[in-house]
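Work through these exercises with the model in view. Try each task before reading its solution.

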Amino acid sequence: MAMIQSMTGYGKAEAVLDTGKITVEIRTLNGKNADVSVKTGLLPRDRELQVRRKIADTLHRGTIDLFVNYVPGETSGAKTINASLVKDYYAQLSAIRSSLPGFAGDEPGSSAGTCDELLAAILRFPDVMDAGKEDLINESNWPLVERALDECLRAVCEYREKEGAALYADVTSRVQRILSLEDEVEAHESQRLESVKARILKNAEETGIKLDPERFEQEMVFYLEKLDINEEKVRLRQHCRYFMDTIDSDPFPGKKLGFIIQEMGREINTTGSKANNAAIQKAVVRMKDELEKIREQSMNIL
């Protein structure tokens with residue numbers, strides 16, 4: 001039996017480099033295709049396509065976000081200040097400050113303090129400190145980073161399998177409930193046909209209409225054929241079996257299950273439209289509720 005997977009997943013792994021630590025994280029949600037979003041500037045451009053392909057081949061489907069972060073080690077050296085950016089920020093902030101009411105006529109001698117305050121503020125801007133991150137991942141340490149990516153993908157798959165086990169238990173139990181409710185429908189069917197016949201006879205009697213017994217029986221046969229739900233019952237049971245066979249044998253059944261659910265819904269709706277019986281209508285409403293929950297859950301099945 002194939003083990004289904006959820007499209008919801010999370011994985012994390014680390015690669016220890018000479019200058020610090022690289023952390024790789026992947027988060028996934030449901031999606032129609034493999035939509036990979038690389039949310040990092042650390043990944044070399046010549047490696048990005050390779051990484052995207054590996055993620056898509058491993059995870060198959062889903063909305064997938066890749067995060068790569070870097071934490072420098074104690075011996076990684078001092079950061080480089082982007083001097084031209086500091087000067088540009090300083091010129092802009094000085095111009096803005098001098099244009100504000102109350103600052104245009106500063107006291108003589110206050111400029112030194114102002115300069116220090118502005119400089120301290122500018123140095124807190126995240127983009128003025130250059131740690132040389134563009135060269136962090138290179139040919140020499142790429143095998144370490146790739147190993148972390150592979151480990152992260154394995155963690156995502158394990159997470160998805162655990163979520164998939166819960167999804168499997170939920171949707172298959174609901175399919176069994178639909179089959180049980182179909183048994184209830186079948187139990188009420190003979191009573192339904194008899195009550196329809198009795199109601200027509202009663203209405204004819206109350207209105208004083210004399211019915212020809214032979215003609216009445218012929219018309220009743222035609223009428224009850226229109227209300228017959230035997231084909232719907234047979235097809236619904238077949239769809240339920242097909243659902244179970246698919247989820248047990250196909251490693252990635254999500255899309256196919258969606259089509260089967262549509263067919264199950266069609267038979268349930270037709271049964272409801274032909275029911276003409278309060279007990280059957282109640283069972284149909286409960287089947288629709290179970291099927292809607294199956295549909296919601298199956299959207300997250302890979």
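**Exercise 1.** How many residues does the largest nonpolar core have, and which have the most contacts inside it?

*Solution.* Start with the ground rules. The model is predicted: local features need pLDDT of at least 70, side-chain atom pairs count only at pLDDT 80 or more, and totals for chains, interfaces and linings use all residues. Residues are numbered from 1 along each chain as its sequence is written, and side-chain values use heavy atoms, without hydrogens and water.

Next, the term. A nonpolar core is a set of buried Ala, Val, Leu, Ile, Met, Phe, Trp, Tyr and Cys residues joined through side-chain atoms within 4.5 Å. Buried means under 20% relative accessible area (1.4 Å probe, protein chains only).

The largest core has 27 residues. Ile 22, Ile 26, Ile 55, Leu 59, Leu 66 and Leu 149 have the most contacts inside it.

**Exercise 2.** Find what Leu 59 is in contact with, leaving aside neighbours within four places in sequence.

*Solution.* Contact means heavy atoms within 4.5 Å. The partners of Leu 59 include Ile 26, Ile 64, Leu 153 and Leu 302. Thr 28 and Arg 160 are also among them.

**Exercise 3.** Work out how α6 and α7 are oriented to each other.

*Solution.* Locate the helices (DSSP runs of H or I, at least four residues, numbered from the N terminus). α6 covers residues 230-249 and α7 residues 254-274. Their axes (lines fitted to C-alpha atoms over the stretch in contact) come within 9 Å and cross at roughly 160°. Angles over 145 degrees, on a scale from 0 to 180 between N-to-C directions, count as roughly antiparallel. Therefore α6 and α7 are roughly antiparallel. Their contact has 10 nonpolar, 4 polar and 6 charged residues.

Definitions and conventions: Buried means under 20% relative accessible area, exposed over 50%, partly exposed in between (1.4 Å probe, protein chains only). Helices (H or I, at least four residues) and strands (E, at least two) are DSSP runs, numbered from the N terminus. Angles under 35 degrees count as roughly parallel, over 145 as roughly antiparallel, 65 to 115 as roughly perpendicular and the rest as oblique. Ala, Val, Leu, Ile, Met, Phe, Trp, Tyr, Cys and Pro count as nonpolar, Asp, Glu, Lys and Arg as charged, and the others, Gly among them, as polar.
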